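Here is a short report for a reader meeting this structure for the first time. Please keep the sequence and the 3D view at hand while reading.

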Amino acid sequence: MGILNVTPDSFSDGGRFAAVEGAVAHAVRMAGDGADIVDIGGESTRPGYQPVDAEEEIRRVVPAIRAVREALDLPISIDTMKASVAAAALEAGADVVNDVWGLQRDPDIARVAAEHGAPVVVMHHRTEVDPALDIVEDMKEFLGRSIDIALKAGVPDHAIALDPGVGFGKTTAQNLIAIQQVGALAGMGFAVLLGTSRKSLIGHIIQRTPEERVHGTVATSVLGWAAGATLFRVHDIRENRDALLVAKAVLDA
């Protein structure tokens with residue numbers, strides 16, 4: 001899953017692809033590098049981000065979705081926590097809803113996804129960090145609620161993927177455990193998406209800027225694959241894909 005932020009303030013590439021022409025060019029480049037899905041987001045969720053209203057988020061994502069849909073025959077996911085944005089995006093040509101609040105922030109978003117026949121990615125998220133928490137159990141409980149919401153709205157179980165939410169409401173230690181214990185989520189019977197690309201967790205370990213965290217990201221992707229993840233949301237497609245193909249070949253030998 002290739003990341004396409006049409007935002008002015010995302011932590012790694014804010015503003016670079018806000019114009020439609022730049023967004024399309026980047027999506028085409030990611031597809032050429034082997035992306036299977038293009039994930040388009042119009043609101044940054046980096047620490048300290050400035051929230052935007054649904055109207056502004058729609059203004060950002062809909063033109064990009066329409067243009068990418070014309071340029072590429074790949075699934076497009078909309079990265080949003082708002083039902084109205086998800087609806088506008090799906091009507092514009094998006095295929096998947098990727099919700100960083102696991103369908104629990106806007107109660108209508110699961111219905112929107114179900115009515116459009118759209119798969120959902122539900123992510124674990126916490127408002128407050130609690131270092132004493134058993135993060136694996138908390139992820140399972142939170143995502144269990146998300147699964148129930150999706151199923152009750154009419155999203156079939158094969159159309160649900162789980163995301164441990166690395167970097168969202170967790171300590172550094174909990175983030176590392178979330179990657180290490182991806183298998184605990186895979187054991188719930190759903191596909192698992194891992195999103196660690198260029199995140200501050202990697203920066204804390206290797207003391208690199210976001211653009212210099214590619215190799216660290218690749219390490220987490222390979223470890224995530226070995227632990228049970230099958231979807232990877234990344235900025236750097238070619239590097240992660242090549243590493244995963246090699247890892248898969250070794251593990252399947």
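The report covers a strand and its neighbours, a loop glycine, an aromatic pair and a cavity. The model is predicted.

## Strand E6 and its two faces

Start with strand E6, which spans residues 160-163. Are its faces covered or open? Both are covered. Ile160 and Leu162 sit on one side, and Ala161 and Asp163 sit on the other. All of these residues are buried. In a regular strand, side chains alternate between the two faces of the sheet.

## Neighbours of E6

Strand E5 covers residues 120-123. E5 and E6 run parallel, and four bridges join them. Met123 stands opposite Asp163 of E6. How does the chain get from E5 to E6? It passes through helix H5, residues 135-153. This β-α-β crossover is right-handed.

E6 also pairs with strand E7, residues 191-194. These two strands run parallel as well, with two bridges between them. Ala161 has Ala191 of E7 as its bridge partner. Ala161 is also one of the buried residues of E6.

Is Gly167 buried, partly exposed or exposed? Its relative accessibility is 43%, so it counts as partly exposed. That value falls between the cut-offs of 20% and 50%.

Gly167 can also be placed relative to Val121. The two residues are 46 apart along the chain. Their C-alpha atoms are separated by 16 Å.

## The aromatic pair

How many aromatic pairs does a search of the whole structure find? It finds one. The partners are Trp225 and Phe232, with ring centres 6.4 Å apart. Their planes meet at 35 degrees, so the pair is tilted. A stacked pair would need planes under 30 degrees apart, and an edge-to-face pair over 60.

The partners fall into separate accessibility classes. Trp225 has 23% relative accessibility and therefore counts as partly exposed. Phe232 has 9%, so it counts as buried.

## The cavity

Rolling a probe the size of a water molecule over the atoms shows where empty space is left. Here the count comes to one cavity of 30 Å³ or more. The largest cavity has a volume of about 30 Å³.

Which residues line the largest cavity? They are Glu43, Thr45, Asp79, Thr80, Met81 and Val100. By class, this lining has two nonpolar, two polar and two charged residues.

Definitions and conventions
Residues are numbered from 1 along each chain as its sequence is written. This is a predicted model: local features need pLDDT of at least 70, side-chain atom pairs count only at pLDDT 80 or more; totals for chains, interfaces and linings use all residues. Side-chain values use heavy atoms; hydrogens and water are left out. On a 1 Å grid over the protein atoms alone, a cavity is a set of points where a 1.4 Å probe fits but cannot get out, and a pocket is an open set with protein on both sides within 12 Å along at least five of seven lines; lining residues have an atom within 4 Å of a point. Grid points are joined across faces, edges and corners, and a volume is the space filled by probe spheres set on the points. Ala, Val, Leu, Ile, Met, Phe, Trp, Tyr, Cys and Pro count as nonpolar, Asp, Glu, Lys and Arg as charged, and the others, Gly among them, as polar. Buried means under 20% relative accessible area, exposed over 50%, partly exposed in between (1.4 Å probe, protein chains only). Two strands pair if DSSP finds at least two bridges between them. A crossover is right-handed if, with the strands pointing away from the viewer, the path from the first strand over the helix to the second runs clockwise. Rings of Phe, Tyr and Trp (its six-membered ring) pair if their centres lie within 6.5 Å; planes under 30 degrees apart count as stacked, over 60 as edge-to-face and the rest as tilted.
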